[in-house]
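Thank you all for making the time this morning. I would like to walk through one model with you, going from the inside of the fold to the contacts that join its parts.

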Amino acid sequence: MTRPRVVIAGLGDSGVLTAIRLAGHAEVVGISVKPALVSGQELGLRLSRPERWAREYWLPFDRLGRLDGVRTVHGAVSGVDFEAREVSVVCADGSRRVEPYDALVIATGVSNGFWRRATTQSAGDVAAELTDAHARLQSAESVCIIGGGAAAVSSAANIARTWPGKPVNLYFPGQRALREHHRRVWDTVARRLTDAGVVLHPEHRAVIPAGFDCDRITAGPVHWSTGQPPASADAVLWAIGRVRPNTGWLPAGLLDDDGFVRVQPDLRVPGHPRVFAIGDVAATDPLRSSARNRADGLLARNVRAALNGRPLRHYRPHTRRWGSVLGPQPEGLEVFAPSGRAFRFPAWSVDRVLYPWIVRRGIYRGVRRNDPLGAVRLES
């Protein structure tokens with residue numbers, strides 16, 4: 001009996017985990033603009049210690065054993081025909097192809113800064129992007145970070161700790177940063193930032209001129225709509241949460257007013273019983289939390305149920321963000337619960353327990369140990 005074919009548009013964190021869950025139950029085809037899982041997580045670690053980041057967050061697909069039965073297509077989805085059940089793909093080599101499906105999972109994510117873009121890249125392109133951003137910050141005499149989310153906060157802390165003595169200033173629009181986390185999280189993280197030497201500047205809202213490119217590290221003065229004098233630094237990192245869903249290939253009728261994919265509680269797209277969405281691209285709740293709450297297991301079950309005529313289950317989102325904020329530090333990894341309470345993995349356990357057993361074996365269900373960068377080397 002022929003197995004059903006599931007096409008997963010997007011092989012970022014959510015897409016890869018969904019593919020792993022479905023690989024033993026269907027013929028799975030994954031479409032990715034990158035030749036690997038290039039995670040959008042841990043921006044601070046990516047900028048300050050790119051080789052360490054690459055070991056855990058840049059995983060070529062052939063290192064993930066549970067993807068051995070998944071056919072990956074290197075390219076960008078350009079359109080979909082729901083009646084014919086086909087997606088169109090522009091491959092990395094410029095050729096075009098059509099992939100038929102029995103069920104479609106939309107996991108194309110969002111674009112947000114130079115570290116999360118929907119451009120088709122080679123491994124060399126990814127490596128160049130990593131080293132260029134790191135070198136820019138390393139050579140800067142001073143750094144300012146604009147933004148109040150986890151990406152901005154993590155970047156400030158990791159840059160300050162990697163290059164002690166380099167002036168690092170964090171500007172954010174409210175009285176506190178991390179407003180989507182429990183207040184306890186900011187109380188804790190603010191102390192960590194201050195201890196690292198980061199200078200905090202609350203209630204600073206940046207003026208962004210029309211046409212200004214925030215998707216790169218800039219220099220020069222930053223002006224404030226809140227009335228403070230301009231701020232200057234050799235390197236200005238814009239982490240202002242200007243998120244853009246990668247949904248230009250989808251009909252407008254499937255999207256909400258902000259361009260995210262509308263979904264029902266069971267993660268199906270309304271009007272399309274075999275089309276699902278997950279991750280940052282899916283409008284599940286105000287935080288679009290299915291990207292961080294391991295909804296891949298529920299989605300994989302629902303895809304199988306839809307293909308077999310069984311009842312589907314509902315996704316229940318958290319109301320606050322949770323997890324790591326600063327990423328691994330010399331003293332360990334601090335993880336915050338939705339309640340704001342912190343749990344710390346001691347430093348010895350991060351490389352001996354967390355990554356090898358919880359992440360590689362537990363979450364990814366096995367990661368081969370060959371060099372993740374292949375012939376591409378990073379300069380630290």
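Let me begin with a question: is Leu178 buried or exposed? Leu178 is buried, with a relative accessible area of 2%, where buried means under 20% relative accessible area, exposed means over 50%, and partly exposed lies in between, all with a 1.4 Å probe and the protein chains only.

Before I go further, please keep in mind that this is a predicted model, in which local features need pLDDT of at least 70 and side-chain atom pairs count only at pLDDT 80 or more, while totals for chains, interfaces and linings use all residues. Residues are numbered from 1 along each chain as its sequence is written, and side-chain values use heavy atoms, with hydrogens and water left out.

Back to Leu178, then, which has a positive phi of about 55° although it is not a glycine, and which is found in the loop between β11 (168-171) and α6 (183-196). When I name helices and strands, I mean DSSP runs numbered from the N terminus, with helices being H or I over at least four residues and strands being E over at least two. Arg288 is another residue other than glycine with a positive phi, in this case near 45°; Arg288 lies in the loop between β18 (282-283) and α7 (296-308), and at 16% relative accessibility it counts as buried.

As background, nonpolar side chains in soluble globular proteins tend to be buried together. If you look at Tyr364, and leave aside residues up to four places away in sequence, its contacts (heavy atoms within 4.5 Å) include Asp13, Val16, Leu37, Arg66 and Val359.

Ile358 has its place in helix α8 (residues 347-363) and is partly exposed, at 37% relative accessible area.

Turning to the strands, two of them pair if DSSP finds at least two bridges between them. Strand β17 (residues 272-277) pairs with β8 (residues 103-106) in the parallel sense over 3 bridges, and there Leu104 stands opposite Val275. Strand β17 also pairs with β16 (residues 268-269), this time in the antiparallel sense over 2 bridges, with Arg268 opposite Phe276. In the hairpin of β16 and β17, which has 2 residues between the strands, Gly271 takes a positive phi near 85°. Elsewhere, 3 strands form an open antiparallel sheet in the order β19-β20-β21, and its edge strands are β19 (323-324) and β21 (342-346), each of which pairs on one side only.

Finally, the charged contacts: how many salt bridges does a search of the whole structure find? There are 18, each being a side-chain nitrogen of Lys or Arg within 4 Å of a carboxyl oxygen of Asp or Glu. Asp68 and Arg368 meet in one of these, at 2.5 Å from N to O, and because Asp68 lies in the loop between β4 (58-60) and β5 (71-81) and Arg368 in the segment after α8, the pair ties together parts that are 300 residues apart in sequence. Glu180 and Arg321 form another, with the closest N and O atoms 2.6 Å apart; Glu180 lies in the loop between β11 and α6 and Arg321 in the loop between α7 and β19, so this pair joins parts that are 141 residues apart in sequence. Of these two residues, Glu180 is partly exposed at 40%, whereas Arg321, at 19% relative accessibility, counts as buried.
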